[in-house]
Amino acid sequence: MLKNAAHSSRDMESCQEAQPLLDGKVPGISYTAQDSQKILAQDSASPSVTSSGPYLHADHNGHYPCLDVVRILCVFLCVVDHGGTKFGVWNTMYVQSWVLQYLYYVCGFVFGVSSRPLLSYCSRLGLYFVIGVGVNLCAWSIAGMTVRTNIFGMVFQFWFVFGLIIFLCALAPMKRCLANARDAARSMPWPSVSNVAGVSASFPEKEGGWEVARELSKGILVMTVSSGIIHVLNKLVAMPVLVTLFTGPLRPAMESIGESSKFWGLPAGDNRGDWEVFCSNWLRDTEVSVTNVFIVLIFIRITSKLPLTMWVLFLNTYIHKCTLYRSQTCRMLNAFDYTLTGLAFHYLGISGRRVIGEYLTRYWFLFLFTCSLLWQPGMSGRFDESPPTDLNVRMRYYLLEFWFALFFFTAVERFVDERIFSKDRLHYLGHWALLIFLIHGFFRVLATPLEYWCMLLGTIPLCKLMFGGGQPKARRDAASSNDGGNDSL
């Protein structure tokens with residue numbers, strides 16, 4: 001009993017305040033707080049009951065409205081940025097700190113919740129890649145642009161898809177490890193305590209701050225030791241191997257990148273000294289991502305509080321980002337970290353999620369005020385493409401990114417009204433987002449700014465015509481019942 005009591009804290013966090021955001025399909029009906037108490041009372045001996053409770057609802061199709069809205073909004077803003085606007089340069093709405101990040105978080109969540117085989121999952125992404133690259137290639141051919149010397153520029157936005165396929169293949173083994181850790185935690189019963197009526201029931205007890213500090217210190221130890229070992233291996237093993245490859249067998253591949261090599265900071269020639277500097281910087285940048293992998297794989301095996309894993313990941317990621325300069329080659333590494341974080345959050349949750357989410361949404365005006373303090377008026381520049389070298393600017397920039405990450409992981413379902421789909425019936429915007437993502441590269445090359453915006457707005461009624469109908473009557477009735485049957489509300 002004492003052993004079970006010592007380990008029950010792991011499940012208490014992941015199943016109550018730190019409930020994973022996506023955890024399989026939840027019936028698309030509305031529950032009240034009384035319903036939740038009844039369900040919990042019926043099977044209180046099982047700590048996994050609350051993980052299937054009404055904290056985040058799916059609709060009748062198994063969709064999660066908050067993630068659908070986030071995905072649609074982020075894709076739209078990316079397409080607007082690719083149209084040559086200056087919103088990204090001036091960081092309007094702080095887009096550099098959350099748009100791409102949220103997209104990768106959602107990708108990690110969806111990969112975690114999906115039960116499809118990896119091959120089937122990646123095949124669908126590969127189909128999007130082939131279609132999109134074909135569309136871009138047509139535009140380049142019509143415009144008479146040379147593809148051979150700038151393959152990277154032709155593929156353009158679909159490197160997102162290509163990178164995502166690689167990330168998911170790399171994270172597939174971790175997905176199984178995370179699932180096993182979560183299932184093992186759920187199989188541990190909570191210790192029996194007496195309730196008010198004197199009847200024994202299995203409910204979690206509150207944990208003290210000392211236990212949290214003890215488990216968090218384990219994570220910091222794992223982070224420190226892993227980072228040190230990886231740094232030594234990079235210096236002694238990885239760097240000589242990479243320099244030999246880049247100046248030898250991989251040299252033709254590097255040259256085929258063309259003008260885009262300047263964007264990624266690649267050396268222009270085959271000078272060994274230049275490549276040694278590049279490889280040294282790149283390996284230093286990869287230490288964050290590799291350490292994050294080690295943190296997840298090791299910490300979940302030694303901790304009794306799985307949801308603290310997210311805080312250790314945040315600590316490792318943003319200490320490195322704030323204190324050390326990381327070159328533009330880190331964009332793909334950052335994307336991998338975001339995907340990993342989303343996947344880990346699906347399975348492990350985050351400690352303190354409920355309380356933090358409530359306060360962030362309650363005091364949303366202070367959240368925005370903090371953003372304005374971190375990104376001061378007059379600041380400009382694409383720091384996501386050319387990271388800041390000044391320590392003060394770098395700390396402000398990455399603290400702002402962390403601030404938005406915290407908002408997403410603790411309150412994503414709180415700032416989205418599901419009636420966007422259930423009542424306003426805007427579900428067809430999901431198809432619209434996919435369509436403009438696939439074709440906007442064509443208009444980016446051939447169209448004027450006005451024609452580009454006509455494409456963005458003109459495809460909305462087209463998608464409404466094709467996908468706007470077919471909302472089941474039950475879904476419309478549910479929307480009406482949520483409003484008390486009054487459509488004027």
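First, the ground rules. The model is predicted, so local features need pLDDT of at least 70 and side-chain atom pairs count only at pLDDT 80 or more, while totals for chains, interfaces and linings use all residues. Residues are numbered from 1 along each chain as its sequence is written, and side-chain values use heavy atoms, with hydrogens and water left out.

Let me start with the whole chain. The protein chain has 20 helices and 2 strands. Helices here are DSSP runs of H or I with at least four residues, strands are runs of E with at least two, and both are numbered from the N terminus. Of the 489 residues, 47% count as buried. Buried means under 20% relative accessible area, exposed means over 50%, and partly exposed lies in between, using a 1.4 Å probe and protein chains only. Contact, as I use the word, means heavy atoms within 4.5 Å. Among contacts between residues at least 6 apart in sequence, 82% join residues at least 24 apart.

Now to helix 5, residues 118-143. How far apart should its ends be? At 1.5 Å a residue, its 26 residues should span 38 Å, and the end C-alpha atoms are 37 Å apart, which agrees. That expected span is 1.5 Å times one less than the number of residues. The buried residues of helix 5 are Y121, C122, L125, G126, Y128, F129, G132, V133, N136, A139 and W140. They pack against helix 4, helix 6 (151-155), helix 7 (159-186) and helix 18. Just after helix 5 comes G144, with a positive phi of about 70°.

One of those partners, helix 18, covers residues 429-446. Its axis is 8 Å from that of helix 5, and the packing angle is about 15°. Axes are lines fitted to C-alpha atoms, for helices over the stretch in contact, and angles run from 0 to 180 degrees between N-to-C directions. Helix 5 and helix 18 are therefore roughly parallel to each other. For that label, angles under 35 degrees count as roughly parallel, over 145 as roughly antiparallel, 65 to 115 as roughly perpendicular and the rest as oblique.

Which residues of helix 5 and helix 18 meet? On the helix 5 side they are Y128, G132, V135, N136, C138, A139, W140, I142 and A143, and on the helix 18 side L434, L438, I439, G441, F442, V445 and L446. By class, this contact has 13 nonpolar, 3 polar and no charged residues. Nonpolar here is Ala, Val, Leu, Ile, Met, Phe, Trp, Tyr, Cys and Pro; charged is Asp, Glu, Lys and Arg; the others, Gly among them, are polar.

Helix 19 (residues 449-467) has 19 residues and reaches 27 Å between its first and last C-alpha, close to the 27 Å expected at 1.5 Å a residue.

A second pair is helix 4 (residues 99-113) and helix 16 (residues 391-411), packed at about 35° with axes 11 Å apart. Their crossing is right-handed. Helix 4 contributes Q101, Y102, Y105, V106 and F109 to the contact, and helix 16 contributes E401, F404, A405, F407, F408 and F409. The classes are 9 nonpolar, 1 polar and 1 charged.

Last, the loop between helix 3 and helix 4, which holds N91, Y94 and Q96. N91 has a positive phi near 55° and is not a glycine; its relative accessible area is 3%, so it is buried. Y94, also not a glycine, has a positive phi of about 55°, and at 17% relative accessibility Y94 counts as buried.

Is Q96 buried or exposed? Q96 is buried, at 5%. Leaving aside neighbours within four places in sequence, its contacts include N91, Q101, W375 and Y397. Q96 and Y397 are 301 residues apart in sequence, with their C-alpha atoms 9.0 Å apart.

Technical notes
A crossing is left-handed if the near helix is turned anticlockwise from the far one by less than a right angle, and right-handed if clockwise.
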